[in-house]
Amino acid sequence: MVFTSRKMKHPELWAYNLNPERWEQEFVHPQTRFMDWDAVIKEEGTDIYTWPLFTKKFCRMLIEEAEFQNVWTVARHDNYPTTDFMLSEIGLHDIYDKILKKFAFPIARHIWGLEGKEWGDEMTHETFLAKYSPEAQGSLSSHIDSSNYSITLALNNDFTGGGTWYNRQKTLVKAPVGHVCLFPMPTHRHSGRWIDSGKRYIVVSFCKKGW
């Protein structure tokens, strides 16, 4: 999809290829840029890991851009519908892909000892931005993702309630802004807890190994 013909609220979000180092300095969390994985990983529960990936500035700008573009849909998922849109709809999939391959997939390999290109540059992912609110969709029923593992990014915390509940692990995760949560499938059935007030924004990546 060609995105250059559409207006952007924050065009700097698309500027990665112009200067990757500068983009990462502005939008990737400084601790994670050092790539000392053991220094950033926190285990929230059995095989549930969080770490800081993006800056608060990136998260704020992405929320503002999502509302500015207003390409929300509720028709993408038959069994567990969410108010969301694919990042490719606003032309950010390829940039997000580069960040996952540099600062996320290597952590999954590090934690679980995954070897081979199929767990690295050959990984694919379905990535979308989702929104929860009491007025529209306040929660998401318990489900299993179509992935080898999933990564969710917390974009904000100005809401009450919410969080992701992992059924078997008896763990509720409400990650700080800019932090991602990594967990495997199909062992980690989970649900989105009800939002009492405000809006919750997250980016979800269903990550699959290459074949």
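Two strands count as paired if DSSP finds at least two bridges between them. Helices (H or I, at least four residues) and strands (E, at least two) are DSSP runs numbered from the N terminus.

This is a predicted model, in which local features need pLDDT of at least 70, side-chain atom pairs count only at pLDDT 80 or more, and totals for chains, interfaces and linings use all residues. Residues are numbered from 1 along each chain as its sequence is written, and side-chain values use heavy atoms, with hydrogens and water left out.

The protein contains six helices and 13 strands. Seven strands form an open sheet in the order β1-β2-β10-β6-β13-β4-β3, with antiparallel pairing. Its edge strands, β1 (42-45) and β3 (83-86), each pair on one side only. From one strand to the next, the twist averages 25°; axes are lines fitted to C-alpha atoms, for helices over the stretch in contact, and angles run from 0 to 180 degrees between N-to-C directions.

Within this sheet, β6 (residues 149-154) and β13 (residues 200-208) run antiparallel and are joined by six bridges. Ile-151 stands opposite Ser-205 in β13. Helix α5 (residues 93-103) packs on the sheet and touches β2 (48-52), β4 (124-132), β6 and β13, contact meaning heavy atoms within 4.5 Å. The direction of α5 makes about 110° with that of β4.

Overall values for the protein follow.

| Property | Value |
|---|---|
| C-alpha box along the principal axes | roughly 45 × 45 × 30 Å |
| Buried residues (under 20% relative accessible area, 1.4 Å probe, protein chains only) | 51% of the 211 residues |
| Contacts joining residues at least 24 apart, among those between residues at least 6 apart in sequence | 78% |

Notes. Buried means under 20% relative accessible area, exposed over 50%, partly exposed in between (1.4 Å probe, protein chains only).
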